Amino acid sequence: AAALGGSPTRAETLTLEDCIRLALERNGSIEYGLPQSKVSYHRARQGVWTAWGGVLPRLSHDYWYNQNRVGAVRYSVEKRDFVDVPEAERKTIRGGTSFTLSHDIFDGGANAYTVARAYHSRAAEGERLRAAENGLVKVAKERYFNLLKAQRLVEVQTAAVKRAEQFLKTIEGRYELGSASLSEVLKARVELGGQQFNMLSGRNDVETARARLNSLLNRQIDETLEIADVGDVEPQVPAYEEALAI
């Protein structure tokens with residue numbers, strides 16, 4: 001493959017599993033809701049710890065500190081005069097600390113309900129996250145197979161162009177020998193033109209599908225990209241009961 005506006009470069013070949021992994025790792029688009037679901041699930045997990053905080057015992061700690069300084073002299077009522085204050089009495093330091101342990105013995109079941117609700121919220125947000133991931137996987141598969149489908153159609157259209165070119169040469173040769181009419185030659189040329197148009201349109205569909213897959217994988221839309229063929233093996237479809245159980 002040739003890079004746009006540059007020299008030919010080797011394209012990276014990705015499998016379907018590679019595309020799914022890159023889509024889940026790199027895609028931060030609001031369109032698919034994966035970032036919001038991750039944030040909501042993280043908040044729900046933190047909410048479980050917060051809910052348990054209302055049930056478990058609570059330990060609080062308090063600490064205070066006070067320092068008081070006085071002047072070098074003070075007035076003595078007994079002596080009716082200012083006297084010197086000893087150095088040891090000029091500064092007073094006081095402090096203290098305390099610990100408080102509290103626990104709600106009975107609250108009518110409110111805390112138990114809050115914990116249960118937090119667990120249910122976490123489970124719900126986990127399912128929403130899984131749904132967002134599954135939705136992104138679905139889009140990745142659709143765009144992967146759309147690119148693969150477009151590539152296969154181009155192969156078919158290219159083969160049709162070659163057949164139309166060969167048929168036109170045959171008709172033109174027969175026309176020169178007088179065994180074919182001019183209208184048959186013109187019809188063959190029209191058929192070749194139609195097949196060439198389909199081939200060019202198909203090639204454009206390939207580039208469009210490649211750009212859409214690159215965009216989903218958070219790559220430059222004109223970045224070279226090749227995907228691995230999955231072959232022609234039909235996937236095994238589970239029975240209805242098995243699919244329902246899953």
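# Briefing: helix packing, salt bridges and exposure

Helices α1 and α3 pass each other in a right-handed crossing. A crossing is right-handed if the near helix is turned clockwise from the far one by less than a right angle, and left-handed if it is turned anticlockwise. The model is a predicted one, in which local features need pLDDT of at least 70, side-chain atom pairs count only at pLDDT 80 or more, and totals for chains, interfaces and linings use all residues. Residues are numbered from 1 along each chain as its sequence is written, and side-chain values use heavy atoms, with hydrogens and water left out.

**Overall composition**

- The chain contains five helices and six strands; these are DSSP runs (helices H or I of at least four residues, strands E of at least two), numbered from the N terminus.
- Of the 246 residues in the chain, 25% are buried. Buried means under 20% relative accessible area, exposed means over 50%, and partly exposed lies in between (1.4 Å probe, protein chains only).

**Packing of the helices**

- Two packed helices are described by the angle between their axes and by the distance between those axes.
- Helix α1 covers residues 16–26, and its axis comes within 9 Å of the axis of α3. The two axes cross at roughly 135 degrees. The axes are lines fitted to C-alpha atoms, for helices over the stretch in contact, and angles run from 0 to 180 degrees between N-to-C directions.
- Helices α1 and α3 are therefore oblique to each other. Angles under 35 degrees count as roughly parallel, over 145 as roughly antiparallel, 65 to 115 as roughly perpendicular and the rest as oblique.
- Helix α3, residues 110–177, also packs against α2, at an angle of about 165 degrees and with the axes 8 Å apart.
- Because of this angle, α2 and α3 are described as roughly antiparallel to each other.
- The crossing of α2 and α3 is left-handed, whereas that of α1 and α3 is right-handed.

- The structure holds 10 salt bridges, each being a side-chain nitrogen of Lys or Arg within 4 Å of a carboxyl oxygen of Asp or Glu.
- One of them joins arginine 21 to aspartate 18, with 3.7 Å between the closest N and O atoms.
- These two residues are three residues apart in helix α1, so about one helical turn separates them.
- Arginine 21 is partly exposed at 40% relative accessibility, and aspartate 18 is partly exposed as well, with a relative accessible area of 22%.
- A network of salt bridges links Asp18, Arg21 and Glu25.

**Salt bridges between elements**

- Arginine 152 and aspartate 229 form a salt bridge through their side chains, at 2.8 Å from N to O.
- Arginine 152 belongs to helix α3 and aspartate 229 to the loop between β6 and α5 (240–245), so this pair ties together parts that are 77 residues apart in sequence.
- Arginine 152 is partly exposed, with a relative accessible area of 31%; aspartate 229 is also partly exposed, at 49% relative accessibility.
- A further salt bridge brings together the side chains of arginine 210 and glutamate 226, at 3.5 Å from N to O.
- This pair connects distant parts of the chain, with arginine 210 in helix α4 and glutamate 226 in strand β6, 16 residues apart.
- Arginine 210 is buried, having a relative accessible area of 9%, while glutamate 226 is partly exposed, at 27%.

**Two exposed residues**

- Asparagine 218 is located in the loop between α4 (182–216) and β6 (225–227).
- Asparagine 218 has a relative accessible area of 53%, and therefore counts as exposed.
- Most residues other than glycine have a negative phi. Asparagine 218, although not a glycine, has a positive phi of about 60 degrees.
- Phenylalanine 99 is part of strand β5, which spans residues 91–102.
- With a relative accessible area of 60%, phenylalanine 99 is exposed.
- Phenylalanine 99 and histidine 61 are 38 residues apart along the chain, yet their C-alpha atoms are separated by 4.6 Å.
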